[in-house]
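Student: I would like to go through this model with you. Could we take the pockets, the strands and the core in turn?

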Amino acid sequence: MPHARNRNPSPIPEVTWDTGLKEMNETWKGAIACLGVAVFFVMTIGIIYWQVVDQPNKNWILRGTFSGLIWERKTHSLLIQTLTEDKTYVEIDVGNVGNPDIEIPFVRNLCWLNKTEFCYTWDSVAEVKISLEANEDTETECYSMTWAPVHCHVELKDCFSMANISWYGGASVRGQTWPINDQNATMQPFIVSDLKDNPSGFGSALERYFLGSSGVAVLVSPDIPLQLGLDSRQQFCLQSLPSMERLPLQYTVCVAHNVKAAHQEAVQQLSEHSRELPNMKALRLPFWKLLANMDSGPKVEREMRTFSNRLKRHQLGEGVISLNEHSTTLLSDMDHDYLNSRKRGMSKRLTRDLPLVKLLNISITMSPFLGVDTTQFHTSLIDGTEAYWLSLPSAPQGQLIPVMSQWRGKFCVKLNITNPGAVSWFLDRVGALQTHLGMEYIMLEGGEGNLFEEQALRPPQALGGDKYISLLADLATRIGDSTIMTAGTRSSYKPLFVRMTPLQSDWSPMGLKAIIPNLLHHTLLGYNFLIPDAVGGSLSGDLVTDEELFIRWLEIAAFLPVMSFHTPPWIFGEGQVLNLTRNYLTRHQRDVAPLIEKYAEEWQVTGNPIYRPMWWLNPTDSMTFTINDQFLIGDEVLVAPVVEKGAVQRDIYLPDGGFQWQDSQNARVFDGGTFLHDYPVPLTEVAVFLRRS
């Protein structure tokens with residue numbers, strides 16, 4: 001029988017293999033769980049570290065042949081740099097879109113199939129599309145940027161840094177500077193206004209174009225409402241208008257190897273029209289403003305004859321006598337039978353006087369405004385031509401009601417320049433005046449501003465922003481190539497003259513010191529044919545009494561396209577001022593006018609400005625980027641006038657370019673790149689240097 005093993009009578013239970021295995025599994029499960037938590041914690045820390053610390057601050061978005069677009073996530077900025085990252089062309093702060101407190105990687109390209117495009121949706125607020133286009137011939141690369149709001153009433157705003165870059169272009173302002181880095185302007189619509197009425201606004205000339213000394217050009221879409229603000233030495237900002245239409249913000253940034261190349265590329269994009277010259281005869285004729293306050297047409301004629309006789313007596317040659325709008329109106333309201341009788345020679349005295357008037361070159365002044373107390377306006381309401389004036393319907397299908405405004409202290413209506421009948425009526429008025437007065441030059445005032453927007457009214461689509469001025473320039477072109485506009489935008493290619501903004505009669509940055517910055521600003525934007533402000537300044541309307549100021553102003557004016565006068569030089573007597581005026585008029589006609597004509601031909605072909613900044617001859621020389629009191633005529637004449645009261649010497653910088661400069665007064669020759677400290681410039685002279693190869 002088999003031996004039977006006795007059972008253990010002890011109360012301690014037996015330990016089986018199943019029980020031990022279960023206990024071991026529980027222990028390992030706990031350990032594995034703890035390990036998993038630890039690994040997850042480490043991974044989380046690692047991800048956070050990678051996102052915050054270790055992730056690159058810059059991400060390349062697009063790459064060209066020599067430049068690329070970079071997203072800098074910490075500053076919410078777009079940078080255009082060379083591929084080697086040794087030069088920054090421009091930094092654009094786009095952090096104003098969405099929530100600036102949230103860091104956005106900005107690396108998810110929704111257009112990843114196309115290596116020349118980048119698409120992204122920003123914080124569910126706006127969509128951005130950036131496309132790159134390279135021009136191998138001009139060695140430029142352009143980045144076209146379009147921000148489109150996802151929702152209504154979204155405000156889009158991009159700001160361009162001024163750090164280490166001198167910026168030029170945009171619009172004229174009171175106290176014009178060159179470059180524009182020192183300007184301040186609150187965010188406001190980027191349209192031309194009358195700086196006399198709105199001194200903190202933007203004036204003429206105005207273009208949606210900005211040029212940076214690093215070799216960058218910014219061109220903003222012309223057909224989209226735009227606001228602009230400038231923070232001195234910090235940045236300038238482009239901003240869209242929030243609206244139900246979800247208006248985009250569109251602009252193109254072009255980069256080139258230097259500032260001159262960038263400008264030459266931008267000029268080709270700014271206008272596709274052929275450039276036309278105005279009446280170049282005006283370059284040799286000084287403009288003399290008739291100041292007398294008259295109350296009748298015959299008195300205006302009498303004063304013109306008296307003024308003409310004074311010009312001849314003082315041997316100041318032939319010129320253009322400029323009449324303001326009031327004097328023009330007095331002449332236009334004269335009895336036409338009287339005028340016609342003069343033409344038929346019914347009086348020997350009138351026949352003898354006629355050549356004195358007819359041989360004068362007269363400049364009259366007109367505007368698109370018409371007083372509401374005039375017969376013409378009341379007639380238009382009766383004969384059903386109220387559509388000749390800017391109007392709005394009284395109801396969706398209601399009668400048109402002319403919009404009233406003020407002009408020269410009177411309640412007026414403004415010509416509806418989109419109405420062909422109104423344009424024909426205005427041209428007929430001009431033609432009638434030309435028939436009766438025989439004048440050659442016509443100044444058109446009053447195009448500035450937007451009549452509707454100034455009164456918080458919604459303008460018709462055809463008259464939004466600055467479109468009125470553009471259409472007025474079209475009308476001016478139809479009048480003839482001797483027409484002068486007081487405002488210029490999108491019309492630099494037309495055969496017109498543009499008058500500079502009036503300046504103060506002093507030595508300040510709003511007076512004499514503003515002439516050269518204004519000159520360089522206008523010509524950079526393509527407005528080369530200028531009627532500068534009168535010698536001594538004309539903003540106040542008073543005669544200039546500072547003889548030194550008049551002389552220094554005269555010396556600059558002699559090298560501008562046209563010489564104009566508000567203060568006649570004989571008020572200072574028969575001595576030095578009158579003699580200098582004769583000398584500088586002769587010098588302008590003999591030396592300067594032919595030079596302008598020569599470079600006008602180049603402008604027609606290339607778009608290069610006639611008057612050029614100092615960096616034009618050496619666009620990589622940073623010394624030239626901020627020089628605001630010297631200018632070039634073409635590539636061969638450098639003008640350095642005195643703009644400080646009491647000074648008879650000044651510092652002059654002669655740009656380098658492998659050539660020399662010769663002083664036109666004493667024939668001394670200097671190498672390019674020379675800095676002349678306290679160079680003597682007596683009161684009766686202006687420093688002029690001629691380029692020598």
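**Pocket, strands and core**

Student: How do the residues lining the second largest pocket divide into nonpolar, polar and charged?
Tutor: This is a predicted model. The lining of the second largest pocket comprises 18 nonpolar, 14 polar and 14 charged residues.

Student: What is the volume of that second largest pocket?
Tutor: The volume of the second largest pocket is about 1,300 Å³.

Student: And which residues lie nearest its centre?
Tutor: Of the 46 lining residues, Ile-191, Asn-450, Glu-453, Pro-459 and Gly-465 lie nearest the centre of the second largest pocket. Strand 10 (185–189), strand 22 (405–407) and helix 9 (451–454) are the elements that each give two or more residues to this lining.

Student: Turning to the strands, in which sense do strand 33 and strand 34 pair?
Tutor: Strand 33 (residues 660–663) and strand 34 (residues 669–671) are antiparallel, with 3 bridges. Gln-662 stands opposite Val-669 of strand 34. Their hairpin has 5 residues between the strands, and Ala-667 in this hairpin has a positive phi near 65 degrees.

Student: How many bridges join strand 33 to strand 36?
Tutor: Strand 33 is joined to strand 36 (residues 687–692) by 4 bridges, and the two run antiparallel. Here Gln-660 faces Arg-692 of strand 36.

Student: Which residues have the most contacts inside the largest nonpolar core?
Tutor: In this core of 198 residues, they are Phe-160, Trp-167, Leu-238, Tyr-251, Val-253, Leu-444 and Phe-689. Helix 13 (residues 576–606) gives the largest share of the core, 12 residues.

Student: What does Leu-238 touch, leaving out residues up to four places away in sequence?
Tutor: The contacts of Leu-238 include Phe-160, Phe-210, Val-218, Leu-249 and Tyr-251, and also the charged residues Lys-157 and Asp-158.

Note on methods
Residues numbered from 1 in each chain as written. Predicted model: local features only at pLDDT ≥ 70, side-chain atom pairs only at ≥ 80, totals over all residues. Heavy atoms only, no water. 1 Å grid on protein atoms, 1.4 Å probe; cavity = no way out; pocket = protein on both sides within 12 Å on 5 of 7 lines; lining within 4 Å. Points joined across faces, edges and corners; volume = space filled by probe spheres on them. Pairing = 2+ DSSP bridges. Core = buried A, V, L, I, M, F, W, Y, C linked by side-chain atoms within 4.5 Å. Buried < 20%, exposed > 50% of the residue type's maximum accessible area, 1.4 Å probe, protein only. Contact = heavy atoms within 4.5 Å.
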